[in-house]
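Have the viewer open and follow along.

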Amino acid sequence: TTLLDLRNKEKLRKLLADLVARRGVRVIFSTHDLDFAGLADRALVVDSGRIVHDSNPAEATRMYRELIMSDSS
């Protein structure tokens, strides 16, 4: 989703939702867009190539923010 404008981000969201709903496809995506990550059923937080958290998107986003903020100090 990097550098996608709102229109194209929404097109991508609809395409992924269609793949899941109508075709039964499982989708795996990687993003730093925390709003887009919120669309997932499950979210992994990766740090230095290792999975450091695995949960629902809201909890994973909270953990990601804590991780990033602790690195900036």
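Let's start with a charged pair: Arg13 forms a salt bridge with Glu10, and their closest N and O atoms sit 2.5 Å apart. A salt bridge here is a side-chain nitrogen of Lys or Arg within 4 Å of a carboxyl oxygen of Asp or Glu. Because they are three residues apart in helix H1, Arg13 and Glu10 are separated by about one helical turn. Arg13 counts as partly exposed at 29% relative accessibility, and Glu10 gets that label at 31%. The cut-offs are under 20% relative accessible area for buried, over 50% for exposed and partly exposed in between (1.4 Å probe, protein chains only).

Before going on, a word on the ground rules. This is a predicted model, in which local features need pLDDT of at least 70 and side-chain atom pairs count only at pLDDT 80 or more, while totals for chains, interfaces and linings use all residues. Residues are numbered from 1 along each chain as its sequence is written, and side-chain values use heavy atoms, with hydrogens and water left out.

**The overall picture**

The protein chain has three helices and two strands, running α-α-β-β-α from the N terminus on. Helices (H or I, at least four residues) and strands (E, at least two) are DSSP runs, numbered from the N terminus. Along its principal axes, the C-alpha trace spans about 45 × 25 × 20 Å. Of the 73 residues in the chain, 16% are buried.

How many salt bridges does a search of the whole structure find? The count is six.

| Pair | Closest N and O atoms |
|---|---|
| Arg13 and Glu10 | 2.5 Å |
| Lys9 and Asp33 | 2.5 Å |
| Asp18 and Arg22 | 2.5 Å |

What does the Lys9 and Asp33 pair tie together? Lys9 lies in helix H1 and Asp33 in the loop between H1 and H2, so the bridge links parts that are 24 residues apart in sequence. Lys9 is partly exposed at 23% relative accessibility, whereas Asp33 is buried, at 16%.

Asp18 and Arg22 both belong to helix H1, four residues apart, or about one turn of the helix. Asp18 is buried, with a relative accessible area of 17%, but Arg22 counts as exposed at 71%. Elsewhere, Glu59, Arg62 and Glu66 are linked in a network of salt bridges.

The largest pocket has a volume of about 1,000 Å³. Of the 27 residues lining that pocket, Ile28, Phe29, Ala40, Arg42 and Ala43 are the closest to its centre. Helix H1 (6-23), helix H2 (34-37), strand S1 (43-47) and helix H3 (57-71) are the elements that give two or more residues to the lining. By type, the lining divides into 19 nonpolar, four polar and four charged residues. Nonpolar covers Ala, Val, Leu, Ile, Met, Phe, Trp, Tyr, Cys and Pro, charged covers Asp, Glu, Lys and Arg, and the others, Gly among them, are polar.

As for terms, a pocket is an open set of points on a 1 Å grid over the protein atoms alone, where a 1.4 Å probe fits, with protein on both sides within 12 Å along at least five of seven lines; lining residues have an atom within 4 Å of a point. The volume is the space filled by probe spheres set on the points, which are joined across faces, edges and corners.
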